[in-house]
Amino acid sequence: MSKRKFCLAILSSRDATGYDIRKIAQGGHFSNFIDASYGSIYPSLAKMEREGLVTLREEISSGKPARKIYSITQAGRDAFVQELHETPVEDLFRSPFLLLALYSRWVGGEFISREIDRRIEHLELKIRGLNHELTICHDPASAWTLEYGMFMLNASLNYLKMNRSKLERIASKRVSHAQAAE
């Protein structure tokens with residue numbers, strides 16, 4: 001998903017600063033759609049302002065820098081709806097844990113066991129967070145996306161629990177990175 005589409009999605013439901021958009025990208029159910037940094041959000045917002053898709057207003061508070069608050073325009077809503085009609089690209093799945101699993105023989109069984117425990121804890125925490133969001137969710141489409149995310153995380157969690165011993169056995173046959181290069 002483009003940063004533009006992501007920003008328009010958030011702004012379609014409320015006005016926000018670039019900082020607000022970044023926070024939303026990091027937490028809540030919007031964090032499941034994209035990883036957006038300040039370095040990508042602010043240029044997208046500036047370009048959309050030039051294109052007339054968003055407007056900018058500044059809120060001034062005494063003793064603080066001015067807050068730049070963005071609002072979506074009707075042209076922005078139209079552009080967002082048009083982008084929603086585009087077929088989504090394939091989902092991206094990136095996992096630093098899977099890189100560790102791939103090189104598990106370089107780090108050994110004890111380390112892998114600890115990291116599996118951490119991964120299980122992380123997945124359970126994410127599932128609990130989504131479940132909490134679901135309990136306070138009133139929008140059927142949001143509920144559906146939360147349930148889908150929970151299903152995917154549960155599948156990952158179940159696979160890891162059922163197959164952890166297999167990865168631990170692989171990792172227990174430790175090799176040095178020099179041996180692996182040969």
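Buried means under 20% relative accessible area, exposed means over 50%, and partly exposed is what falls in between (1.4 Å probe, protein chains only). The model is predicted, so local features need pLDDT of at least 70 and side-chain atom pairs count only at pLDDT 80 or more, while totals for chains, interfaces and linings use all residues. Residues are numbered from 1 along each chain as its sequence is written, and side-chain values use heavy atoms, with hydrogens and water left out.

**View 1. Arg4 pairs up with Glu83.** The two side chains meet in a salt bridge, 2.5 Å from N to O (a side-chain nitrogen of Lys or Arg within 4 Å of a carboxyl oxygen of Asp or Glu). Arg4 sits in helix H1 (residues 3–11) and Glu83 in helix H4 (residues 74–84), so the pair ties together parts 79 residues apart in sequence. Helices here are DSSP runs (H or I, at least four residues), numbered from the N terminus. Glu83 has 10% relative accessibility, so Glu83 counts as buried; Arg4, at 27%, is partly exposed.

**View 2. Lys47 and Glu51 join in.** Here the closest N and O atoms of the salt bridge are 4.0 Å apart. Lys47 is partly exposed at 46% relative accessibility, and Glu51 is partly exposed at 38%. Together with Arg4 and Glu83, Lys47 and Glu51 belong to a network of salt bridges.

**View 3. A pair within helix H8.** Arg164 and Glu168 meet in a salt bridge, 3.1 Å from N to O. Both lie in helix H8 (residues 140–172), four residues apart, or about one turn of the helix. Arg164 and Glu168 are both buried.

Key. Helices (H or I, at least four residues) and strands (E, at least two) are DSSP runs, numbered from the N terminus.
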